[in-house]
Amino acid sequence: MTPSARLQAAIETLDQIIGGAPAEKALTAWARGSRFAGSGDRAAVRDHVFDVLRMWRSCAAHGGIAADAAPVQMPGVAETEMRSITTTETPPGGTLSGRALILGLLRQSGDDVDALFNGQGHGPATLTMAERGVLAQAPDIAPLVALDCPDWLAPTLRADLGEDFSPVMEALRSRAPVFIRVNTARAAAADVRAELAQQGITAQPHPLSPTALHVTDGARRLRASAALADGRIEMQDAASQAVVDMIEGLQGARVLDFCAGGGGKALALAAKGAQVFAHDANPARMADLPARAARAGVSVPVLSTADLPQAGPFDVIVADVPCSGSGSWRRAPTAKWALTPERLAELVEIQAGILDQIAALAGPKTRLVYITCTLLACENADQIAAFLARNPGWRPGATRRLTPCDGGDGFFTAQVHRA
Ligand SMILES: C[S@@+](CC[C@H](N)C(=O)[O-])C[C@H]1O[C@@H](n2cnc3c(N)ncnc32)[C@H](O)[C@@H]1O
């Protein structure tokens, strides 16, 4: 496919998303109906679509969508949770469309729109007079639109991030870097790097974690690598690895991963020599964990809620709680537009409940480790302060907050100990 044809495919996929289709479904449907597309084409179309999802507001504004244009219905989000995204002061007020969004994207990246919208082959039709009119005008983009920040959340993010607000919001507009975690129980990082290099995959050590390698070239070849297939590496963000590195004394420790989900943290904990037990309120989320653990050469027994009271005592209980995910909006950009004040309040309540649940499971020597991938203080430091206020028998321990400006996703971790 030509670069223009890939853009046209992204335009059509975005039209499906505007119509209410979840992004992944729309991309899969396009790929199924486009057997001629190779893996490079599919990757390029996906990149265009996700670039727009990350920069939806600014793409709409640069594409000439006016403030009163149709509300953006983010894919996979219940109607009650949908928020309208308005792009103020952007004449002349076209209709929201995949074509306008892609125009807005190209305008921001400085690409030659005329050369790409050339009407040839399967590429987009040539520019209309109205589109030429939009492109001819100097864009007048409000600062929060330029940062692709939801208006309602800006005061909170500003207060919580301080001078990091703009750099962090800017970073969240870009693609996330690709990281792997070397399973150091099975392989040395240097050997993995050398093996990957032979397959055309360049991976560099990263300061966030000694187990992290930043894949700077050939990331798409990872899926076919023997190291991934046999559990010597896992796909895992570097900051996600860094928060596990913070937990001391893991060798031989009995650790409960209370919110294990797919098991990313559980496997990282086990690789450090912990005897890890996995639990999740939604056991279906742990479906892949046994196979992943076997591949990594560890055993991670799954505990049901009914098993928990008898399974202790644990040296460490980790709660990688559900959160707004604001630290990982690069990877899951629709979450940025789907979050509402009501959902955030609900998450804060769930997190407080989980902290109380793990405290109730703790023995006299158990340490609690709270983890989120959010940047919001109400889900992070404030949550821990509220827990300590409710529970005078606990004292604060090590805390760390990472933002995308540190290189990985935004993460927060806080440990609490018996007073
Ligand atoms: C951030 S995800 C966990 C990610 C996982 N630890 C990893 O590293 O791949 C949060 C998980 O918490 C689970 N969860 C939500 N509410 C819970 C609760 N009250 N008790 C336990 N787990 C809960 C969700 O099902 C979800 O799998």
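## Ligand shell

Around the ligand sit 16 residues, the closest being Cys-259, Gly-261, Gly-264, Ala-281 and Asp-320. A residue counts as near a molecule if its C-beta atom, placed from the backbone, lies within 6 Å of it. Helix H14 (264–271) and helix H18 (341–361) each give two or more residues to this shell. Helices are DSSP runs of H or I with at least four residues, numbered from the N terminus.

This is a predicted model: local features need pLDDT of at least 70, side-chain atom pairs count only at pLDDT 80 or more, and totals for chains, interfaces and linings use all residues. Residues are numbered from 1 along each chain as its sequence is written.

## Nonpolar cores

The largest nonpolar core has 99 residues. Such a core joins buried Ala, Val, Leu, Ile, Met, Phe, Trp, Tyr and Cys residues through C-beta atoms within 7 Å. Buried means 20 or more other C-beta atoms within 10 Å of the residue's own; exposed means 12 or fewer; C-beta atoms are placed from the backbone. Helix H1 (residues 3–18) gives the most to this core, with eight residues.

## Helix H9

Helix H9 (residues 154–161) buries Leu-157, Asp-160 and Leu-161. Seen down the axis of H9, these fall within an arc of 85°, so they line one face of the helix. The arc is taken over directions from the helix axis to the C-beta atoms. Pro-155 and Ala-159 are exposed on the face turned away. After H9 comes Gly-162, with a positive phi near 55°.
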